[in-house]
Amino acid sequence: MINTEDEELVLQAKAGSITAFEQLVHKHDKQVLAIAARYVTSSEDAKDIYQEVFIRVYRGLKHFKMKSEFSTWLHRITVNVCLTHRSRRKRFVHVPIDGDGSGDGDPETHGVELQSNDDPADQHSVDSEIRGHVQDALESLSAKQRLVFTLKHFDGYKLREIADMMKCTEGTVKRYLFLATQQLRERLRVVYE
């Protein structure tokens, strides 16, 4: 179903209306920031991605042929900026202060023992540790695996929509999702066993 409100705003923005462009940004900015925030660990990085996305949208709007929904096109740009951001970050090596940086994932050296109890402060601490394990596990995925997993499970996109955003087949998306799930299950075994 075509979103006529977006279509009208896009036409106005293409004709030079800054107000229409601002309305498009306002309408979709939370989704863009949410995707970016799930993709990176730093809020500053998420804001950088957000800003880059809307710069690209502004510059590319005149070339947008409206063959797809504006939101699909916008999310495709967001995905591309996230992937580009990831590849740029790989140029810099981060070595943890408290580890050897091998990233071997050895539960003997990186695992924690989690216990349930009724003290809210302790439960908060346990929740933080679990959240840390999940974030570390997500970080271990390849860029495309992580993106597919977060788009599917955090943002609720359908496989077909993700395939459109990433310009690949639905089968490829399924493969990324399968591998991501398998790898997360393995890396999080220390938490649930």
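Leaving aside its neighbours within four places in sequence, which residues is Val-53 in contact with? Select Val-53 in this predicted model, and, once those sequence neighbours are set aside, you will find Val-32, Leu-74, Ile-77, Thr-78 and Val-81 in contact with Val-53.

Next, go to helix α3 and show the side chains of Glu-44 and Lys-47, which lie three residues apart, about one turn of the helix. These two side chains meet in a salt bridge, with an N to O distance of 3.8 Å. Lys-47 counts as partly exposed because its relative accessibility is 47%, and Glu-44, at 48%, counts as partly exposed as well.

Further along helix α3, select Glu-52 and Arg-56, which are four residues apart, about one turn of the helix. They form a salt bridge in which the closest N and O atoms are 3.0 Å apart. Glu-52, at 25% relative accessibility, counts as partly exposed, and so does Arg-56, at 29%.

From here, follow the chain into the loop between α3 and α4, where Met-66 lies. Met-66 is not a glycine, and yet it has a positive phi of about 60°; with a relative accessibility of 27%, Met-66 counts as partly exposed.

Move on to helix α8 and display Arg-160 and Asp-164, which are four residues apart, about one turn of the helix. A salt bridge joins Arg-160 to Asp-164, and the closest N and O atoms are 3.5 Å apart.

As a last stop, select Lys-167 in the loop between α8 and α9. Is this residue, Lys-167, buried or exposed? Lys-167 counts as exposed because its relative accessibility is 66%, where the cut-off for exposed is over 50%. Its backbone deserves a look too, for Lys-167 has a positive phi of about 55° although it is not a glycine.

Note on methods. Residues numbered from 1 in each chain as written. Predicted model: local features only at pLDDT ≥ 70, side-chain atom pairs only at ≥ 80, totals over all residues. Heavy atoms only, no water. Contact = heavy atoms within 4.5 Å. Helix = DSSP H or I, 4+ residues; strand = E, 2+ residues; numbered from the N terminus. Buried < 20%, exposed > 50% of the residue type's maximum accessible area, 1.4 Å probe, protein only. Salt bridge = Lys/Arg side-chain N within 4 Å of Asp/Glu carboxyl O.
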